[in-house]
Number of protein chains: 2
Amino acid sequence: MFKPLTRELNDLIERTRDRQLRLAVTGLSRAGKTAFLTSLIHQLRHAGVEARLDLLGAAREGRLLGARRVEQQDLGVPRFPFDQAMAALDAHPPRWPEATRGISELRLVLRYRPRKSRLFGSEVRELTLDLFDYPGEWLLDLPLLAHDFNSWSQQQRTSGQQRDEFFSQWHSAVTGLKPSDELDETRLAEIAELYATGLRAAREAGFSDLQPGRFLLPGDLDGAPVLQFFPLLGLDEHDPGGLAKLPADSLYATLKRRFRYYQQHIVKPFYRDHFQRFDRQIVLVDVLGALNAGPERFDDLSRALSRLMESFDYGQRSLLNRLFSPRIDRLAIAATKADHVTPEQHSRLTGLLEALLAEPIKDLRYADVPVKAFSLASIRATQVREVSDNGSTLTALRGTTLSGEPTLMFPGDVPSQLPTADFWARQGFDFTAFRPLPRTSGALPHIRMDAAIDWLIGDKLQ
Amino acid sequence: MFKPLTRELNDLIERTRDRQLRLAVTGLSRAGKTAFLTSLIHQLRHAGVEARLDLLGAAREGRLLGARRVEQQDLGVPRFPFDQAMAALDAHPPRWPEATRGISELRLVLRYRPRKSRLFGSEVRELTLDLFDYPGEWLLDLPLLAHDFNSWSQQQRTSGQQRDEFFSQWHSAVTGLKPSDELDETRLAEIAELYATGLRAAREAGFSDLQPGRFLLPGDLDGAPVLQFFPLLGLDEHDPGGLAKLPADSLYATLKRRFRYYQQHIVKPFYRDHFQRFDRQIVLVDVLGALNAGPERFDDLSRALSRLMESFDYGQRSLLNRLFSPRIDRLAIAATKADHVTPEQHSRLTGLLEALLAEPIKDLRYADVPVKAFSLASIRATQVREVSDNGSTLTALRGTTLSGEPTLMFPGDVPSQLPTADFWARQGFDFTAFRPLPRTSGALPHIRMDAAIDWLIGDKLQ
């Protein structure tokens, strides 16, 4: 007698649960987060009519009716500035939307017809889709939770030669400092500012593996002591017991206290209040930009991504699993700006992304988190043109550069494996940044946004 | 046998408690908070040598040895930017320091000799002085805690004609809206932005009594729904029971939810985490600026100040007393920029301030909170000159205007009572803003900073 009821109840619970999905978008700065989220929202809002979403089953089958924006759940989180982004794209000339600076969110209600309607043909269901955008730099801070100040200091010895240059001023300032020194607040703030300046300069120059992440986007914490610490070099030469006994106003104790505060009040709250509530995640990577920037920056991106991906590895031994209970059950990784290379290069781009993330992907599969790689263009900025050259036909890209020059170009070949010394020697890749195409009408033009959307939410629209 | 021990213990506790003091500085924007705090820190740091602090007993008696900056307690609060402020004052030409945008703090350790040393003559004691700076606008939000959304909406009907002008665009947008309307997020954000624009324009034009305070200084909350609400007019024509039954996505329910979130997550945390831990407070008021701006803005300042002062009225019936346990035991109110009028006007300026705050002062005295009024100049920007005019001698001010012009002027008389219609008709007061004097050497020149410091911390240096 109870069985049928139980089944119906289960069904109901299942469906209720399926009616809400929290999807997060991240990536290091300039990976294209704002463009991706803007396009995603725009495509879903135009799904019923103009959007070309053939690779999204529910849209292809005419079952996706559209999307409506409603009030988000957390009133204290900035709303994702979709309207401002669209205004930038619709400006004359079109501009890329401004980058976001912290976490933002936006809630959509999607209306769709289930594939096999159980009751009658006209049944319409709703899926509440919470979208989040946050800086990938915040994830670079996760490993910091596994450290204490001593081990973190030792690990922060920068590696690359080019990168070290940015920290030379900081380096001269800390040379000769002893853990027992008693520095006044002003001097401490000055040295910390030199460290932050180094981080900012390194990021400007295309480096990614930079810690602590909030030093780059301080927001309201600008000027707070919690963002004024730095690694102390040479701590391994000191006796740990002796260090622990240094007075509270010693350099060592002060930096250690701030490091701990950063862990407890900055890093942990993000994972606790936001990250562990995400259901799905897409990580965007500007592979082409890194290719263009040369071997040291490319290796640095690789290191940063491995570190970033640790946040999604919920293996038994994982730090994250012990601290929180994250529930991301599906992950997409995407090489963005695919429109900046010719179409026959797209599969090579995906291949390169997979090669770049080979180790993390292996770990994720082992931990049973489904992951899929894409190459895509959130908002197309180029058109493909066939060009005759001495009798043979070449594929080229036509677009307008950021400074407004119409350009026809052959960006070159993307290596489908990690680039070798030989590739760098030839430096066979020429990346040009284009401004968005003027929007004619209807949905934003894209490359494979539909495939990514299908993987991220398609199963909830069955 | 126990008595002597108890007394000694009490003494010890008393002295330990006396060794820490949390002093807060506030005032509406442009009241001169940053200049005051910069000067305060500078005077105390130079107390032993160059500073002229004759009205501060401990300094006059040579017992105040100086002050040292040490690490503040709350690492997550921005440090008061003292060095940047001093750099601005020492620039060529000197500039006023940039205004702060939220709460900031700074800790000093003062070293002094007690007046009657119990043990031996060379005893030196330390007082830890925590200094806080926060926008007075935040205090204007206190009364909001006493309201629900309905009563707040009704109370927000703007009064003055000039003030209403700034809200005309918002007014047209809300005219015709019904509490039951279902507005999309974008429209709601647009209308809220019109309201915020009105608040900003009114502040620019010199009005002070503006709510909600965080709309003017959003910081990291920029774009968050919690800062996107506004009063609904005409709610009293609706049946409260009917309003309460409106669906969650109705205009009324949405605005009410955001209003409550603002109360709980914005207003209360400031009182809970900061305000109730302050021991002493000084409220700065730009009386001269308001005098200069005309009768409507002057009345508006008077209203804003009465509202602001409610935060210090801990009478039995006070809202604050019921919600928190504030412990401010001494309050100073100060009319700033006294160097912008000639010296014989200073007592009139103090009198006018007392007249302006007559009601709150009465309430505070009744609630047994000692309060004292001052007129002062944190950092002098003018010099006094005697000028012969047709045989009689006049007192004039010499200074350099913000645009760099050396000026000699007679600002006119300050009324020592609330200005009458007659005063406004004559408009007898001419306020010019001056840039800081170039600093020669030693401590910053000031007017009666020492008197204010003596009242605020002098008893702790006995």
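Me: What is pLDDT, the score attached to each residue?

Reply: pLDDT is the predictor's confidence in each residue, from 0 to 100. This structure is a predicted model, and chain A averages a pLDDT of 88, with 92% of the residues scoring at least 70. The model as a whole scores ipTM 0.83 and pTM 0.87.

Me: How should I read a sheet, and in what order do strands S8, S9 and S10 of chain A lie?

Reply: In general, the strands of a sheet pair through backbone hydrogen bonds, either parallel or antiparallel. Here the three strands of chain A form an open sheet in the order S8-S9-S10, and their pairing is antiparallel. Strand S8 (382–389) and strand S10 (406–409) stand at the edges with a single partner strand each, so one side of each has no neighbour in the sheet. On average, neighbouring strands of this sheet are turned by 30° against each other, direction ignored.

Me: How many bridges join S9 and S10 of chain A?

Reply: Strand S9 (residues 392–400) pairs with S10(A) over four bridges, in the antiparallel sense, and A:Thr400 has A:Pro406 in S10(A) as its bridge partner.

Me: Where do chain A and chain B touch, and how much area do they bury between them?

Reply: The two chains bury about 2,400 Å² between them, 45% of it on carbon and sulfur atoms, and 29 residues of chain A are in contact with 29 residues of chain B. Between them there are eight salt bridges, including one in which the side chains of B:Glu71 and A:Arg257 meet at 2.4 Å, N to O. On the side of chain A that touches chain B, strand S2 (64–70), helix H8 (185–204) and helix H10 (251–273) each supply at least two residues, and the largest share, four residues, comes from H10(A).

Definitions and conventions. Residues are numbered from 1 along each chain as its sequence is written. Chains are lettered from A and ligands numbered from 1 in the order in which they are written. This is a predicted model: local features need pLDDT of at least 70, side-chain atom pairs count only at pLDDT 80 or more; totals for chains, interfaces and linings use all residues. Side-chain values use heavy atoms; hydrogens and water are left out. Two strands pair if DSSP finds at least two bridges between them. Axes are lines fitted to C-alpha atoms, for helices over the stretch in contact, and angles run from 0 to 180 degrees between N-to-C directions. Contact means heavy atoms within 4.5 Å. Buried area is the accessible area (1.4 Å probe) that two parts lose on being put together, summed over both. A salt bridge is a side-chain nitrogen of Lys or Arg within 4 Å of a carboxyl oxygen of Asp or Glu.
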